[in-house]
Structures are given as C-alpha cells and as structure tokens.
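Visitor: I have a few "how do you know" questions for you. Could we look at the structure together?

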Amino acid sequence: MNHHTMLFCKTSDLTIAYQQHGPESGEPVILLHGFPYSPRAYDEIAPPLAANGYRVIVPYLRGYGPTQFNSAQTLRSGQQAALAQDLLDLMDGLGIAQATLCGYDWGGRAACIVAALFPERVRGLVTGDGYNLQDIPNSVRPADPQSEHRYWYQYYFHTPRGVEGLTQNRWEFCELLWQLWSPTWLRNAERYPLTTPAFDNPDFVEVVIHSYRHRFMYAAGDPALEWMEQALEKQPAISVPTISLCGADDDVGPVVNNDEDALRFTGSYERRVLVGVGVGVGVGVGVGVGVGVGVGHNIPEEAPAQTIKALLDLRSAKVHP
C-alpha cells in the first residue's frame with residue numbers, strides 16, 4: 001500500500017487511522033510518531049521495511065489526523081498511559097500478538113511503556129532518546145536552568161494564553177518547534193508542510209494541552225488508566241532487546257556522555273548517537289563527510305537509514321548485551 005491509503009481500527013475509545021505497508025502475513029512492525037509530528041516521519045522507512053517482508057503499521061496517535069474519539073464524553077487525555085493503551089488496543093484490534101516497536105517522543109513513550117509492562121507483546125524496541133517513561137511524582141523537582149529553558153513550550157501550555165496560542169497558531173507554533181528541535185536539519189521547510197494536515201484534528205489542541213498538564217500533575221488523568229499510571233510510578237525496567245537512537249543535535253533533549261538510561265534496560269541494549277551524514281554523499285549509516293547535516297529530535301525522518309538499520313539489527317539480534 002502507498003502512504004495515501006488509510007485504514008481504520010475501531011477500539012473501545014477510538015477509531016484509529018493507520019497506514020499499512022507490506023504483506024499481511026509479515027512480521028509486524030509498528031512505527032509511532034511524536035508531537036508535533038505525524039506518520040509522514042516514516043515515509044522513507046515503511047516501504048523498505050515492507051520490501052524486507054515486514055507488515056508495517058503506521059498509526060496516527062490520538063488527536064492527530066483522521067484518528068477520532070468514538071464518544072464526545074470521552075476525556076481527551078494525552079497522558080502517557082492513554083498512548084500506551086491505544087497501542088495495546090490497536091494491536092488487539094489488528095490481531096497482533098507481538099510486534100517490534102519503533103517510536104520517538106510521544107510514540108516512543110507509548111512503545112517504552114508497552115515494552116516495560118507487557119514485554120510478551122514486544123519482540124524488540126527502537127526508542128528515540130532512551131527510556132521515555134515519565135516520572136510524574138518527581139515532576140515538581142526543577143532541573144538545571146539549561147534544561148528548564150527548553151521546556152518553555154510545556155509551561156506555556158499550562159496557561160490559558162498557551163491554549164489560545166496553540167489554537168490560533170498551531171501550524172506556526174509547531175513549525176517553530178521543528179526548527180528549534182532540529183536546528184541543523186536541512187529539510188524542515190520541505191518536509192513540514194506534509195505533516196501540518198495532521199494538526200487539523202478537532203481534538204489536537206485538547207489532547208496536547210492535557211498531555212503537558214498531566215505530566216506535571218496539573219490535570220487529572222483518566223480514572224480507567226490509574227492502574228497503569230501507578231505501575232509507571234515505579235519506573236519499571238525494560239527487558240526486551242532495545243536500540244536507543246539519539247540525535248546529536250537534538251535541542252529539546254541534548255545527548256549527554258553518560259548514558260544514565262542504560263540502567264533502565266535489563267535485556268540487550270545499545271545506544272547509538274546519530275551525528276548526521278554528509279551533503280552529497282547520500283543517506284548512509286554513521287558519520288558522513290563534507291558539510292554536516294545533523295540529526296535532531298525528529299529521528300526517523302532525519303535519519304531513516306539509521307532507523308531502518310536499527311530495526312533490521314534487532315531482527316538479527318545485533319544488539320550488544
């Protein structure tokens with residue numbers, strides 16, 4: 001299927017829109033986008049995986065694109081447990097007992113949670129920026145000033161002004177985040193317009209605002225998901241084979257030399273810092289030559305070859321213990 005073919009899976013809360021590539025009988029791989037992104041992040045990843053025989057599922061998260069809530073009464077939650085439950089419900093709805101998961105930002109959080117709490121459902125994990133579970137009880141503790149200033153948009157969303165700002169200026173606002181978070185990527189202007197339609201979802205603003213308020217305990221969560229949030233407060237380890245991809249030029253979560261997240265992974269685990277490729281030498285794996293094109297926060301869209309390699313390496317167990 002090409003990426004314009006839209007399929008739908010109805011769950012208890014949502015009708016999830018997704019795109020599928022490859023044979024129905026293939027080994028399932030689910031590719032999960034973040035905020036403020038869309039399935040377009042995987043345009044250069046899904047077709048090659050399908051050519052390798054995978055069944056590739058690329059869903060729109062709640063609040064994005066054609067994904068819709070089934071009831072007007074359902075809380076437009078953006079909390080981490082809701083994203084994980086949506087992933088589980090999608091797998092159940094599509095009859096997928098076990099899948100390889102790949103995600104970053106919000107999608108990486110959903111993938112990490114399912115891998116941590118339901119390891120039997122996950123064959124392997126490619127995660128953007130390591131361990132993505134939120135430590136909500138400790139969210140009140142301030143970080144160092146250099147880290148705090150990068151969260152300005154989250155604090156903005158805690159205010160009525162921020163709600164109105166995102167409502168009125170969602171496309172300009174999200175474009176600014178693309179530029180700030182991937183400052184050395186040369187394809188922002190080319191690729192961003194392909195994602196903006198995903199923000200036209202009528203629940204986009206409400207889901208986004210709830211997400212950034214809930215993680216700081218400024219908004220109540222869905223009572224039906226409280227059991228999962230309580231489990232996540234224990235910051236459970238992830239035991240499935242994992243490769244963590246980190247953009248060296250990610251300006252929302254800069255790479256540090258000491259990989260503290262490694263302690264959160266009890267199975268085979270490897271962190272790969274993506275430093276970009278050279279202009280004019282194609283999209284290769286690792287360091288390129290010539291003028292550097294950095295890899296920022298939008299990892300699969302900026303580094304498709306490295307993302308594909310990580311997924312294939314998981315399949316062949318090329319992950320360091």
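Guide: Gladly, and keep in mind that this is a predicted model. Let's begin with Gln 235, found in the loop between α10 (226-232) and β8 (242-247).

Visitor: How do you know whether Gln 235 is buried or exposed?

Guide: Gln 235 has a relative accessible area of 11%. Buried means under 20%, so Gln 235 counts as buried.

Visitor: And what can you say about phi of Gln 235?

Guide: Gln 235 is not a glycine, yet its phi is positive, about 50 degrees. Most residues other than glycine have a negative phi.

Visitor: Which helix holds Asp 105, and what makes Asp 105 buried?

Guide: Asp 105 lies in helix α3 (residues 105-117). Its relative accessible area is 13%, and the cut-off for buried is under 20%, so Asp 105 is buried. Asp 105 also has a positive phi, near 55 degrees, in a residue other than glycine.

Visitor: Why is Asn 298 called buried?

Guide: Asn 298 has 1% relative accessibility; buried means under 20%, so the word applies to Asn 298. You will find Asn 298 in the loop between β11 (292-293) and α11 (299-302).

Visitor: What does the side chain of Asn 298 make a polar contact with?

Guide: One partner is the side chain of Tyr 104, at 3.0 Å. Another is the side chain of Glu 301, at 2.9 Å. Both belong to the class of N or O pairs within 3.5 Å. Leaving aside residues up to four places away in sequence, Asn 298 touches Tyr 37, Ala 41, Tyr 104, Trp 178, Ser 182 and Trp 185.

Visitor: Which residues of α6 and α9 make their contact?

Guide: Pro 160, Val 163, Leu 166 and Thr 167 of α6 meet Phe 204, Val 205, Val 208, Ile 209 and Arg 213 of α9. They divide into seven nonpolar, one polar and one charged.

Terms used:
Residues are numbered from 1 along each chain as its sequence is written. This is a predicted model: local features need pLDDT of at least 70, side-chain atom pairs count only at pLDDT 80 or more; totals for chains, interfaces and linings use all residues. Side-chain values use heavy atoms; hydrogens and water are left out. Contact means heavy atoms within 4.5 Å. Helices (H or I, at least four residues) and strands (E, at least two) are DSSP runs, numbered from the N terminus. Ala, Val, Leu, Ile, Met, Phe, Trp, Tyr, Cys and Pro count as nonpolar, Asp, Glu, Lys and Arg as charged, and the others, Gly among them, as polar. Buried means under 20% relative accessible area, exposed over 50%, partly exposed in between (1.4 Å probe, protein chains only). A polar contact is a pair of N or O atoms within 3.5 Å; within protein, one must be able to donate a hydrogen and the other to accept it, and residues adjacent in sequence count only if both atoms are side-chain atoms.
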